[in-house]
Number of protein chains: 6
Amino acid sequence: MTSPALPAPATWLPLVERALAEDIGSGDATGAAVLAADASCEAVIEARARIVVCGLPVAVAVLEAVDPQLRIETLRPEGVFAEAGTPLLAIEGRARSVLAAERTALNFLGRLCGVATHTRRHVDAVAGTGVEILDTRKTLPGWRVLDKYAVAVGGGRNHRFGLYDALLIKDNHIAAAGGVAAAVKAARAAAPPHLMLQVEVESEEQAAEAIEAGARWLLLDNRTPAELRRLAGRFREEAVLEASGGITLANLRDIAESGVHRISLGALTHSAPNADVALELRSRRRG
Amino acid sequence: MTSPALPAPATWLPLVERALAEDIGSGDATGAAVLAADASCEAVIEARARIVVCGLPVAVAVLEAVDPQLRIETLRPEGVFAEAGTPLLAIEGRARSVLAAERTALNFLGRLCGVATHTRRHVDAVAGTGVEILDTRKTLPGWRVLDKYAVAVGGGRNHRFGLYDALLIKDNHIAAAGGVAAAVKAARAAAPPHLMLQVEVESEEQAAEAIEAGARWLLLDNRTPAELRRLAGRFREEAVLEASGGITLANLRDIAESGVHRISLGALTHSAPNADVALELRSRRRG
Amino acid sequence: MTSPALPAPATWLPLVERALAEDIGSGDATGAAVLAADASCEAVIEARARIVVCGLPVAVAVLEAVDPQLRIETLRPEGVFAEAGTPLLAIEGRARSVLAAERTALNFLGRLCGVATHTRRHVDAVAGTGVEILDTRKTLPGWRVLDKYAVAVGGGRNHRFGLYDALLIKDNHIAAAGGVAAAVKAARAAAPPHLMLQVEVESEEQAAEAIEAGARWLLLDNRTPAELRRLAGRFREEAVLEASGGITLANLRDIAESGVHRISLGALTHSAPNADVALELRSRRRG
Amino acid sequence: MTSPALPAPATWLPLVERALAEDIGSGDATGAAVLAADASCEAVIEARARIVVCGLPVAVAVLEAVDPQLRIETLRPEGVFAEAGTPLLAIEGRARSVLAAERTALNFLGRLCGVATHTRRHVDAVAGTGVEILDTRKTLPGWRVLDKYAVAVGGGRNHRFGLYDALLIKDNHIAAAGGVAAAVKAARAAAPPHLMLQVEVESEEQAAEAIEAGARWLLLDNRTPAELRRLAGRFREEAVLEASGGITLANLRDIAESGVHRISLGALTHSAPNADVALELRSRRRG
Amino acid sequence: MTSPALPAPATWLPLVERALAEDIGSGDATGAAVLAADASCEAVIEARARIVVCGLPVAVAVLEAVDPQLRIETLRPEGVFAEAGTPLLAIEGRARSVLAAERTALNFLGRLCGVATHTRRHVDAVAGTGVEILDTRKTLPGWRVLDKYAVAVGGGRNHRFGLYDALLIKDNHIAAAGGVAAAVKAARAAAPPHLMLQVEVESEEQAAEAIEAGARWLLLDNRTPAELRRLAGRFREEAVLEASGGITLANLRDIAESGVHRISLGALTHSAPNADVALELRSRRRG
Amino acid sequence: MTSPALPAPATWLPLVERALAEDIGSGDATGAAVLAADASCEAVIEARARIVVCGLPVAVAVLEAVDPQLRIETLRPEGVFAEAGTPLLAIEGRARSVLAAERTALNFLGRLCGVATHTRRHVDAVAGTGVEILDTRKTLPGWRVLDKYAVAVGGGRNHRFGLYDALLIKDNHIAAAGGVAAAVKAARAAAPPHLMLQVEVESEEQAAEAIEAGARWLLLDNRTPAELRRLAGRFREEAVLEASGGITLANLRDIAESGVHRISLGALTHSAPNADVALELRSRRRG
């Protein structure tokens with residue numbers, strides 16, 4: 001199996017530039033005043049807790065954006081666990097550059113390793129059930145492709161990236177169209193045929209109606225494990241069933257064993273705790 | 001007292017545009033297929049839990065960027081508590097526009113109310129001590145001005161915005177300069193004189209040396225309450241003392257009572273839980 | 001049925017800005033020298049041949065970008081036929097503004113009406129067969145969303161917008177994966193599950209293998225009508241069949257009657273003749 | 001004679017970036033799922049019909065923007081004919097990169113070779129007459145500098161690039177100024193003196209008046225060959241005469257022999273058929 | 001005669017945005033802390049010395065970019081003299097907005113009125129001679145269109161805007177081409193025919209050769225008044241003669257009376273003293 | 001002491017791009033027509049008068065942006081004096097590239113060396129007094145970081161960069177707050193505590209009140225040397241005193257000897273004469 005591909009850099013480099021601009025501004029006033037222009041150093045970025053490694057190419061891009069002449073070595077692949085104390089990146093070059101880039105690089109890694117690690121916890125919790133853990137569109141504004149990359153690195157699957165790459169019929173669409181079947185039919189008639197269709201259903205009747213109308217992917221929002229078991233018992237051969245809403249690590253296994261195929265959680269991205277990573281200076285010398 | 005001023009829109013509107021681009025892309029395929037072009041609706045965005053209100057002007061900007069003809073009313077001021085069920089924004093206009101903007105607006109509010117609410121918890125924990133709660137530069141990349149705004153709305157104070165608007169001498173600077181006094185002197189000689197200077201000290205001797213060299217603001221990183229009490233007992237009249245590192249809601253009060261003037265916490269921004277807000281459609285009609 | 005939704009303006013306004021910048025540059029030197037600053041005029045943009053109307057909101061955006069105070073009335077809906085001489089837009093305001101925006105507005109309309117009209121010719125050619133006419137990714141660089149909008153306005157359906165919103169397994173992927181079945185399986189295992197999958201097959205055997213592996217959408221490239229008939233006879237109940245390659249208005253009907261469900265043509269966008277539209281000044285007066 | 005210089009990359013690289021963004025988006029989902037991250041390949045881009053080569057440096061820029069580590073060799077100079085089957089570019093590197101860049105590179109080449117080839121047809125049609133073939137401002141929005149480059153590569157001359165780099169007095173300006181002479185005088189008095197002046201005239205009298213007022217370059221729009229002959233007989237020593245409007249390959253030679261100096265045609269850019277170019281994978285291997 | 005047209009806003013609004021970003025950054029910290037959010041004020045921007053008014057629309061754009069709800073009245077037209085104390089703009093609205101925009105608006109006006117006033121001094125110095133005063137490309141980087149607008153408002157004429165809108169053959173081109181005649185011929189053969197041609201000549205022989213080769217516009221660099229008189233005596237009927245180099249207000253009249261038609265001076269833009277303008281608060285009140 | 005650090009390139013490269021775009025546009029028409037594509041040359045940029053060297057890294061960035069393959073050697077460090085005739089940069093590469101970049105590179109250097117040289121004159125004028133020369137926010141719009149860099153290279157100190165990195169309470173703030181003490185107190189209560197505070201005072205009473213309220217940095221605007229002496233006599237031990245307003249090289253020494261600590265002058269940046277630098281071609285050859 002191939003590991004998740006990094007999103008096209010053009011999609012996230014603007015965020016790197018924005019992040020550097022907001023942190024560095026006109027320059028690192030302390031470094032400019034206290035460090036010699038030609039002083040160089042060696043440093044490592046390392047894990048301070050057990051984490052899933054994610055985002056090292058982004059951290060490298062941060063460092064290179066500050067100073068293309070830094071020499072950077074990536075020490076761990078994406079997606080593996082790193083124990084506390086594990087070095088992730090080795091850096092060598094101008095001390096002013098390393099210290100100017102430090103906080104931004106760490107802020108990216110703290111978030112990306114954090115999401116990947118948090119996702120892995122959920123993936124591990126459903127191990128053996130065959131259920132897939134999916135993300136949602138509840139990502140941090142500006143971070144969609146990076147957040148979804150981190151979910152994939154953590155072992156989750158990506159749900160749609162936005163409103164443009166899949167159809168999701170919800171209650172408001174159903175009400176507007178005059179029923180589940182009418183909504184499904186309208187979507188299939190008018191939307192580009194390459195877009196997959198999912199329907200959110202609120203009852204067994206709606207589920208049956210959606211499948212009858214041709215839907216093959218249902219979203220079951222805020223259902224109890226008992227409800228999910230009944231729905232899965234009846235429909236899991238006819239459609240892909242996805243549970244979401246009110247799911248935590250506490251009840252995740254229970255839901256995974258209900259018979260649904262997929263579980264999607266906003267918490268993977270909107271509530272991932274920060275991963276603890278730090279930059280350590282190894283030595284310092286005049287250039 | 002004046003309430004915190006919203007950062008200049010030019011500093012965060014690009015993030016709004018990026019967020020909308022990543023979520024909407026070429027368009028909301030479901031809405032375009034299922035909703036009539038002239039259907040309109042009324043909706044409210046409301047709190048689903050007790051939160052500190054923050055970011056409504058940003059949410060308004062999201063909605064207006066999608067459709068300048070939406071009519072939007074702001075129902076609560078920034079910085080107050082809203083109980084679960086409290087409506088925050090009332091929106092009226094094209095249904096396609098409201099649903100296309102919904103997720104992005106909520107994602108901004110979830111983050112901003114989340115940081116403000118999390119900050120308020122820390123501020124309340126030190127109530128009566130006179131100690132100020134400060135943020136750090138551990139904000140989400142791309143989010144610096146908004147994260148810091150949310151801290152201020154939550155009752156916290158802002159530490160420096162970046163490397164350019166204050167001087168912070170750390171261990172690496174001290175080592176490079178050959179000592180605390182040398183570093184302070186170098187900074188004062190070379191840096192623009194309008195920048196305030198803070199020095200991170202690791203011992204009582206360094207603290208004394210920094211103050212002797214003219215520093216009036218010290219950073220005391222990863223000290224125990226006992227250590228902080230001793231340092232505060234000796235230096236709190238001569239310099240502003242700021243504690244940071246390893247501080248949680250559990251030990252915050254203890255540290256606040258040590259005699260330091262300020263406490264800064266990365267957790268305000270890097271680990272704020274998402275606030276629960278949602279959009280509720282009130283009615284729908286053909287235009 | 002709803003008419004095609006205009007793509008989100010944020011996706012094409014940058015092209016409008018670029019187009020205006022390249023045509024107007026520092027300013028219309030002739031207008032600035034010869035026309036009085038306060039002279040105003042009335043004008044219409046009209047069809048000079050029978051065309052499918054497409055892109056009026058884009059032309060309006062061009063005019064408004066040059067001068068927000070122009071008064072513009074849209075006279076025809078998108079997607080209808082306009083005979084030669086039909087007025088499409090009525091414009092009133094500063095003469096300098098109208099003449100500065102004229103060429104750019106017409107260049108957009110010439111292209112968009114051209115693609116829509118060209119598409120309509122193909123759609124009409126398959127009338128009654130139930131076959132859908134689709135576009136491809138052979139759009140003009142920079143014009144993807146607008147070209148695809150014009151295809152939809154002309155009555156065509158949109159194929160995937162890019163490499164990100166559907167999977168299309170081609171010969172190179174099949175060779176790399178070691179066969180059709182392996183490629184389909186790899187795609188399903190690794191790609192986000194919300195993406196629809198299409199497989200390009202070069203023989204009846206490959207078609208059978210793809211369907212056996214679970215593919216439900218086949219691309220049949222450069223097949224003769226006879227070959228398509230045979231493939232359709234065998235597979236059209238099991239998968240959506242799409243013909244492409246070497247198709248022109250001359251053989252289109254023949255292919256449509258072969259039993260395939262869809263026909264995709266690069267020519268809709270890469271070889272659409274320009275539509276003839278012009279701006280006519282109706283009157284002129286000092287402001 | 002020097003060959004046409006490629007426009008400054010800063011003027012068209014943004015179009016390359018936009019084109020890649022719209023095609024690749026967050027990434028090539030098929031390639032990421034099916035191709036190994038370290039698989040490499042060799043490929044050529046080749047002509048599939050007889051074309052004038054144009055735009056190879058742009059295609060190279062596309063490829064390098066996707067992956068700076070691709071090794072690319074340019075096999076033919078700009079402006080020469082290439083027969084069907086002629087290789088134009090040789091590419092070696094990551095298979096994922098080559099396939100992700102393929103469509104965008106080909107779309108640029110299809111357009112640029114198309115315009116150059118179409119222009120060459122017109123230039124050849126007037127061979128021996130000494131008449132120059134010029135483009136107009138009827139280029140594709142966003143494509144001005146590239147379209148004009150392709151015209152030059154095809155052997156045409158460039159007319160003004162926009163409203164800013166030459167003066168063209170048309171009927172509306174003449175009406176506004178109160179006559180040809182007044183318009184010419186106003187233009188010369190107010191416009192920057194480094195801008196060349198052309199006057200569109202609708203009659204022999206206007207032509208005489210324009211020349212009398214000092215104009216040395218006339219635009220003769222929608223004139224028959226007979227009319228052009230009479231005008232050229234009288235004025236061709238006193239002014240540069242440019243014919244335009246209603247000119248096709250069918251009547252081009254006739255018009256070229258009328259005695260005018262220049263012929264400008266919107267069709268060079270607004271109706272150039274796409275050139276047939278394709279990418280062929282030569283081999284493939286694991287890295 | 002028409003007054004100079006303001007350059008297309010799209011060409012200078014990015015400079016306004018950049019200027020505001022660099023001055024305001026995340027916000028006016030003093031205003032946010034000391035002024036009430038709802039306090040409003042009235043203010044005028046006025047001349048503090050005798051100046052030529054220039055750039056008020058730019059200052060208005062600055063103010064509106066900070067706060068679209070400010071009410072602004074333009075009190076003087078562009079290009080007139082304003083004595084010290086003359087109000088130029090009246091402003092009413094939020095006090096925080098007015099004070100945040102003040103410095104940037106004044107910095108633009110100081111420059112633009114400065115260039116216009118400085119130009120007017122030179123224009124007045126050649127009054128009655130019929131000689132035109134022209135600018136050069138020695139404008140402030142980033143300011144080309146605004147600097148040239150200010151020159152035009154001051155009564156000067158604009159020379160070419162850049163390397164793209166006219167041909168200027170200098171010594172290096174002549175040496176590369178192998179002589180004046182060869183260079184002129186090469187330029188006419190290869191460059192777009194709508195571009196005017198100027199030749200810099202260093203001797204009477206070169207001037208004669210250039211005119212013989214068809215040049216009708218000569219640049220005479222660093223010549224004494226005596227040399228200019230001789231050149232003008234011989235060539236002023238055959239070509240437009242432009243003097244430049246080493247010209248100051250002290251010798252300008254002398255050179256203007258030499259018989260040349262035009263004089264171009266870098267000093268109009270690279271050494272214009274700042275004009276003294278200031279913002280005066282008239283009153284202040286709570287909103 | 002360390003020399004001033006160049007501002008982060010991300011802050012000024014956009015200005016370089018804008019400057020090149022406005023000068024080169026679609027291309028250097030003369031160079032493209034007259035110079036062979038493969039002709040190369042050697043050139044130097046040199047001082048034409050005695051100047052303080054400043055901005056060579058910016059000029060290098062200009063040259064590299066036009067042609068990354070130019071070989072450029074920096075011959076003098078920033079901040080030293082260069083006599084007329086001193087070579088500053090040596091350049092080798094494509095002649096077309098060198099001539100296309102020439103004017104923009106020189107325009108940057110003319111400004112930056114100009115500001116540095118002008119600043120040095122003021123710094124030298126106060127030599128031995130211990131007084132610091134500071135700039136203001138009266139920089140050229142778009143040039144803030146570069147102008148301030150040039151001041152630092154010239155030996156001046158930088159005052160605040162904008163409204164965001166220090167607090168300056170002026171008369172309007174004092175009036176709004178209801179007095180000096182109230183304004184100081186409001187600022188300290190509401191503004192981020194890392195921002196230094198300066199107060200502009202108009203009388204001895206205000207100065208005393210400000211210091212009493214805790215201010216340690218006073219701005220004394222438009223005071224005579226006599227007034228400054230009296231204020232300095234009374235307050236110079238209690239606060240940093242900065243004089244500004246109406247200060248020229250003529251009275252600068254007098255003011256510096258009044259006892260104030262700092263003098264700030266808008267003239268450093270708003271009225272710096274251009275420095276005379278030029279590009280000289282040394283040789284030329286076919287590639």
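Student: Where is E:Asn222 found?

Tutor: E:Asn222 sits in the loop between β9 (217–221) and α9 (225–235) of chain E. Keep in mind that this is a predicted model.

Student: What is phi of E:Asn222?

Tutor: Phi is near 55° there, a positive value in a residue other than glycine.

Student: Why point that out?

Tutor: Because most residues other than glycine have a negative phi.

Student: And in chain A, what phi does A:Asn222 have?

Tutor: A:Asn222 has a positive phi of about 60°, and it is not a glycine either. A:Asn222 lies in the loop between β9 (217–221) and α9 (225–235) of chain A.

Student: OK, interfaces. How many residues of chain A are in contact with chain B?

Tutor: 58 residues of chain A, and they touch 58 residues of chain B.

Student: What area do chain A and chain B bury between them?

Tutor: About 4,700 Å². Carbon and sulfur atoms account for 59% of that.

Student: How many salt bridges between chain A and chain B?

Tutor: The count is 4. One of them joins B:Asp23 to A:Arg144, with the closest N and O atoms 2.8 Å apart.

Student: And how many residue pairs in polar contact between chain A and chain B?

Tutor: 25 residue pairs, counting those with both residues at pLDDT 80 or more.

Student: Which elements of chain A supply the side that touches chain B?

Tutor: Several supply at least two residues each. The helices are α1 (9–24), α2 (29–34), α4 (95–125), α6 (171–177) and α7 (180–190) of chain A. The strands are β7 (167–169) and β12 (277–286) of chain A.

Student: Which one gives the largest share?

Tutor: α1(A), with 9 residues of the side of chain A that touches chain B.

Student: How do the residues on that side of chain A divide by class?

Tutor: There are 32 nonpolar, 15 polar and 11 charged residues on the side of chain A that touches chain B.

Student: What rotation superposes chain A on chain B?

Tutor: A rotation of 180°, with 0.0 Å of shift along its axis. The RMSD is 0.0 Å. The two copies are thus related as by a two-fold rotation axis.

Student: Through which surface do the copies meet?

Tutor: The same surface on both, because 100% of the interface residues of chain A are also interface residues in chain B.

Student: Switching to chain F and chain D. How many residues does the contact take from each?

Tutor: 8 residues from chain F and 8 residues from chain D. The area buried between them is about 480 Å², with carbon and sulfur atoms giving 58%.

Student: Which three residues supply more than any other three of the area chain F buries against chain D?

Tutor: F:Ser26, F:Ala32 and F:Arg96. Together they supply 67% of the area on the chain F side.

Student: How many salt bridges across the interface of chain F and chain D?

Tutor: The rule finds 0 salt bridges there. The count of residue pairs in polar contact is 1, with both residues at pLDDT 80 or more. By class, the side of chain F that touches chain D has 5 nonpolar, 2 polar and 1 charged residues.

Student: What about chain A and chain E, how far apart are their closest C-alpha atoms?

Tutor: They lie 9 Å apart, and no contact joins those chains. Chain C and chain F also have no contact, with closest C-alpha atoms 9 Å apart.

Student: Now strands. In what sense do β1 and β5 of chain A pair?

Tutor: Antiparallel, over 7 bridges, with β1 at residues 39–47 and β5 at residues 87–94. A:Ser40 stands opposite A:Arg94 in β5(A).

Student: How many bridges join β3 of chain A to β5(A)?

Tutor: 4 bridges, again antiparallel, with β3 at residues 71–74. Here A:Ile72 stands opposite A:Ile91 in β5(A).

Student: Last one. How many salt bridges over all chains?

Tutor: The count comes to 96. Among them is D:Arg71 with D:Glu92, the closest N and O atoms being 3.6 Å apart. D:Arg71 is in β3 and D:Glu92 in β5 of chain D, 21 residues apart.

How values were computed: Residues numbered from 1 in each chain as written. Chains lettered and ligands numbered in written order. Predicted model: local features only at pLDDT ≥ 70, side-chain atom pairs only at ≥ 80, totals over all residues. Heavy atoms only, no water. Contact = heavy atoms within 4.5 Å. Buried area = accessible area lost by both parts, 1.4 Å probe. Salt bridge = Lys/Arg side-chain N within 4 Å of Asp/Glu carboxyl O. Polar contact = N/O pair within 3.5 Å; in protein donor to acceptor, adjacent residues only side chain to side chain. Nonpolar A, V, L, I, M, F, W, Y, C, P; charged D, E, K, R; others polar. Least-squares fit on C-alpha atoms with pLDDT ≥ 70 in both. Pairing = 2+ DSSP bridges.
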